[in-house]
Amino acid sequence: MNAVTVYVPRDSAALAVGADEVAAALQAECARRGLALNLVRNGSRGLFWLETLVEVATPQGRIAYGPVEADDVPALLDAGLLSGAAHALCHGVTEQIPYLAKQERLTFARMGITDPLSIADYEANEGFAGLRAALALAPAAIVHQVLDSGLRGRGGAAFPTGIKWKTVAAAQAAEKYVVCNADEGDSGTFSDRMTMEGDPFMLIEGMTIAALAVGATRGYVYIRSEYPDAIATMNEAVARATAADYLGDDVLGSGRAFHLIIRKAAGAYVCGEETAMLESLEGKRGIVRAKPPLPAIEGLFGQPTVINNVISFASVPLILARGAAFYRDYGVGRSRGTLPMQLAGNIKHGGLVEKAFGVTLRELMFDFGGGSASGRPIKTAQVGGPLGTYLPESQWDLPIDYEAYAAVGAVVGHGGIVVHDDSADLSKLARYAMAFCAIESCGKCTPCRIGSTRGVEVIDKIMAPPSPKTNKPQQVQLLRDLCDTMVHGSLCAMGGMTPYPVLSALNHFPQDFGLATPDREAA
Amino acid sequence: MNPTPASVTQAALARHAAEPGALLPILHEVQDALGHIPREVVPQIAEGLNLSRAEVHGVVTYYHHFRAEAPGRHVVQVCRAEACQAMGSDALMAHAAHALGCHTHGGHGSTSADGRYTLNPVYCLGLCASSPAVVVNDKLHARMTPAKFDKIVNALGADA
C-alpha cells in the first residue's frame with residue numbers, strides 16, 4: 001500500500017495551538033497501526049480558527065480536518081482520515097471551503113499548499129518564473145514592469161514601488177543595497193510572518209529581482225525578534241537558495257551577484273520606520289533619521305538603498321512572471337492588485353484574506369469573519385495597525401482602497417484589521433495608543449517623546465470622576481491641540497499617526513469619553 | 001563547564017566583528033548564550049568594535065529585547081497589543097502576574113521574588129487571529145485562557 005500524504009502546518013500560529021503534538025501523534029499512531037504515512041509540514045492556509053488544520057491527499061483533492069488536537073488523532077484514524085472519510089471535524093475539499101474559494105490569492109497562491117523549504121515544490125508552483133523572466137530583461141525594463149503594475153508599498157505608506165526602484169537604479173554608487181523591512185510590529189498583522197514561514201523563496205525571489213533592477217549586490221532582511229520561527233525558516237531558505245545558485249556570486253549563471261543576509265531585530269516598534277531600521281542594521285540605536293536625504297539616495301551605510309516591505313517584494317515575482325497587466329487588472333482606482341488582509345482580534349473566523357482592493361470592511365468582518373468571536377455585536381475595527389483609525393459602522397461599507405480610506409482620514413496600512421465587540425471601551429484604547437507611543441518613541445523629536453506622555457495624562461483627566469475643578473470641554477480641546485501638534489510636528493509616523501486612533505475614538509465614540517454628544521458640537 | 005561571559009563575548013566578536021553593523025548580531029549571540037548581557041562585557045565589546053562604552057551601553061538599553069539583568073528561570077511573555085486586548089489579554093496579564101508573583105507596573109516586566117519567573121509584556125507575536133497569545137520559555141501558545149495558562153505553568157515542574 002502506498003504511503004498516504006498528510007499535511008500538518010508548521011506556521012507558528014499552528015504550532016501555538018499544538019501542531020507539533022498533532023504531527024507526533026499522527027506518526028506514532030500510524031506506526032502503531034502499521035499505516036504508511038508521508039507527513040509534510042506545509043505552511044498555513046491562513047484559516048486560523050481551524051488550526052491545527054490537517055489535510056489528507058486523496059483522488060478528490062486535499063481533504064481538510066480542523067481544528068485537530070493531538071487527542072483527536074486516534075478517533076480520526078478510526079473514522080478513516082487517511083482516505084478522506086467523513087468526521088465531525090471534516091470540512092471537505094480544502095479549496096472548496098468558502099473562506100478560501102471566495103479569495104483572490106495571487107501573492108498567497110502557494111501558501112499552505114507547498115512545503116515552504118522545498119525548492120522543488122516552489123518551482124513546480126510557478127516559483128522562480130519571475131526571476132527567470134527578469135534575467136532576460138534589461139534592468140530598466142524590470143523597473144518598468146513594476147511601475148506598470150501599479151504596485152504600491154504594502155508596508156503602509158503605499159508609495160509606488162517602481163518609482164522607488166527607479167530612483168535607486170539611477171543613483172551612482174559602487175555598492176547599493178536591497179533591504180526588506182520585516183519588522184512587522186503592527187498588532188493585527190501577520191502576512192509578513194506567514195510569507196517568511198510559509199513561502200520564503202517568494203521573498204528571496206522578489207528581493208533578487210529588485211537587486212537586478214537597481215544594480216545591488218547585497219541585501220538584508222530585518223526580521224523582528226518576536227518571530228523566531230520566521231528567522232529560522234528564512235535562514236534555511238537562504239542557505240538552500242544559495243546552494244541551488246538562486247543567490248550567490250553568479251545568480252543562475254547570469255554573472256550577476258546577490259548575497260542575502262538575515263538580521264534579527266531587537267524589539268523596538270519604531271524600527272519598522274525605515275530610517276530607524278537602517279540605523280539598527282548599522283548597529284546603532286534605532287533612532288529615526290531626518291529626511292531628506294531619502295534612503296533611495298543615501299540609505300544603508302550611506303549608499304543608495306531600496307527598502308520595501310515583505311509583501312511588496314513578495315508581489316513582484318508574479319508581476320514579472322505574468323506581466324504587469326495581469327496584476328494591474330485587479331483592484332480599483334489607484335489601488336491596483338490585491339492586498340493580503342488580516343482578520344484579527346475579536347473575530348469568529350480570523351485569518352488571511354487576500355482580495356483585490358475594493359472589498360469592504362463589512363464583507364470581511366461578516367462574510368469572511370462570521371462576526372465576533374464572543375458572539376456580541378461588533379462595535380468597531382481598527383484598520384492599519386496601532387496607528388490606524390477606529391472605524392465606526394458608518395464607514396464599514398467604504399471600499400478598501402488607499403484613496404477612499406484617506407478621504408475619511410483612515411488608513412489601509414499593512415491591511416491589518418483588529419475587531420472589537422461592544423464591550424470595548426474606546427477611551428481605554430485611545431489611552432493605550434498614547435501609552436504605546438510613550439513606550440516605543442525613539443525620543444528624537446519632542447512632539448512624539450513628550451506629547452505621548454502628556455496625551456496619557458490628558459486622557460486620564462478627561463476620564464477622571466467629575467469634580468468642580470475639572471473642566472472637561474477644556475481638556476478635550478487640549479487633547480485635540482496636542483494631537484494637532486503631534487500630527488504636524490513629529491519626525492515620523494510614530495508620533496505623527498498616534499493621534500489617528502485617538503481622534504477617531506474621540507470623534508466616533510464620544511460616549512466612551514463621557515461626552516453625551518459629539519464633542520465638536522459641545523465644545 | 002559553563003562558558004564564561006568573556007569567552008562567549010570573545011567568540012561572538014571573532015565571528016561577527018568583521019561584518020558591517022555587527023553590534024546587534026554580537027549582542028544577540030551573547031544574550032542567547034548567557035540569558036542576558038552582563039555589564040562586564042560592555043567594555044570588551046566596545047574595544048572589539050572600536051566603539052565607546054557609551055555607544056554599546058546605549059544600544060543594550062535602547063532595545064526592549066536586550067536585558068542587562070539575568071531573568072528568572074522561566075520567562076513568560078503575555079501579548080498586550082490591540083488584537084489580544086480585544087480577546088481579554090488585560091485580564092490574562094493580571095491573572096499571570098498574580099499566579100507568578102510578578103508585577104507589570106509601568107509597562108515593564110518584573111521577576112518574582114524567588115527568581116523563578118520573569119513576566120514581560122510583549123507587543124504582538126503575530127498570532128492576532130488566535131488571540132490572546134503568550135510565550136513560555138520560547139514556546140508560543142495561542143487562544144490562551146487562565147485555566148490553560150495555569151496548566152502550562154504547572155507543567156514547568158519544581159526545578160528549584
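How many residues of domain 1 of chain A are in contact with domain 2 of chain A, and how many residues of domain 2 do they meet?

A: Please keep in mind from the start that this is a predicted model. Six residues of domain 1 of chain A are in contact with six residues of domain 2 of chain A. On the domain 1 side of this contact, one residue is nonpolar, four are polar and one is charged. The C-alpha centres of these two domains of chain A are 33 Å apart.

In chain A, the assignment gives domain 1 as residues 4-101, domain 2 as 119-328, domain 3 as 334-421 and domain 4 as 426-522. A:Phe108 sits in the loop between α4 (98-101) and α5 (119-124) of chain A. This residue counts as buried, because 26 other C-beta atoms lie within 10 Å, and the cut-off for a buried residue is 20 or more. If its neighbours within four places in sequence are left aside, A:Phe108 is in contact with A:Gly46, A:Pro340, A:Leu352 and A:Glu354. From A:Phe108 to A:Asn507 there are 399 residues in sequence, while the two C-alpha atoms are 36 Å apart in space.

Some loops of chain A deserve a careful look at their backbone. As background, most residues other than glycine have a negative phi, and most peptide bonds are trans. In the loop between α11 (228-243) and β8 of chain A we find A:Leu252, which has a positive phi of about 50° although it is not a glycine. A:Leu252 counts as partly exposed, because it has 16 C-beta neighbours inside 10 Å. The loop between α12 and β9 of chain A holds A:Phe301, and phi of A:Phe301 is again positive, near 50°, in a residue other than glycine. A:Phe301, with 14 C-beta neighbours inside 10 Å, is partly exposed. A:Pro293 also belongs to the loop between α12 and β9 (305-309) of chain A, and the peptide bond that joins A:Pro292 to A:Pro293 is cis, with omega about 5°.

Helices of chain A can meet as well, and one pair can be followed in detail. Helix α18 of chain A covers residues 446-463 and helix α19 of chain A covers residues 472-489; their axes come within 10 Å and cross at roughly 160°. Therefore α18(A) is roughly antiparallel to α19(A), since angles over 145 degrees count as roughly antiparallel. The crossing of α18(A) past α19(A) is left-handed. The residues of this helix contact comprise ten nonpolar, five polar and three charged. Among those that α18(A) brings are A:Pro447, A:Gly451, A:Val458 and A:Ile462, while those from α19(A) include A:Gln475, A:Leu479, A:Leu482 and A:Met486.

From here we can turn to the place where the two chains meet. In this interface, 48 residues of chain A are in contact with 35 residues of chain B. The elements of chain A that give two or more residues to its side are α1 (12-15), β8 (259-264), α12 (274-281), β12 (338-345), β16 (416-421) and α17 (426-440). Of these, β12(A) supplies the largest share, with four residues. The chain A side as a whole divides into 22 nonpolar, 17 polar and nine charged residues.

Chain B has seven helices and five strands, and along the sequence they follow the pattern α-α-α-α-β-α-α-β-β-β-β-α. The C-alpha trace of chain B spans about 50 × 35 × 25 Å along its principal axes, and 44% of its 160 residues count as buried. Among the contacts in chain B with a separation of 6 or more, 55% come from residues 24 or more positions apart. Chain B is divided into domain 1 (5-62) and domain 2 (74-154), and the C-alpha centres of these two domains of chain B lie 29 Å apart. Chain B also has a cis peptide bond, between B:Ser131 and B:Pro132, with omega about -10°. B:Pro132 is in the loop between β3 (117-122) and β4 (134-136) of chain B.

How values were computed
Residues are numbered from 1 along each chain as its sequence is written. Chains are lettered from A and ligands numbered from 1 in the order in which they are written. This is a predicted model: local features need pLDDT of at least 70, side-chain atom pairs count only at pLDDT 80 or more; totals for chains, interfaces and linings use all residues. A residue is buried if 20 or more other C-beta atoms lie within 10 Å of its own, exposed if 12 or fewer, and partly exposed in between; C-beta atoms are placed from the backbone. Two residues are in contact if their C-beta atoms, placed from the backbone, lie within 7 Å. Axes are lines fitted to C-alpha atoms, for helices over the stretch in contact, and angles run from 0 to 180 degrees between N-to-C directions. Angles under 35 degrees count as roughly parallel, over 145 as roughly antiparallel, 65 to 115 as roughly perpendicular and the rest as oblique. A crossing is left-handed if the near helix is turned anticlockwise from the far one by less than a right angle, and right-handed if clockwise. Ala, Val, Leu, Ile, Met, Phe, Trp, Tyr, Cys and Pro count as nonpolar, Asp, Glu, Lys and Arg as charged, and the others, Gly among them, as polar. Domain bounds come from an automatic or database domain assignment.
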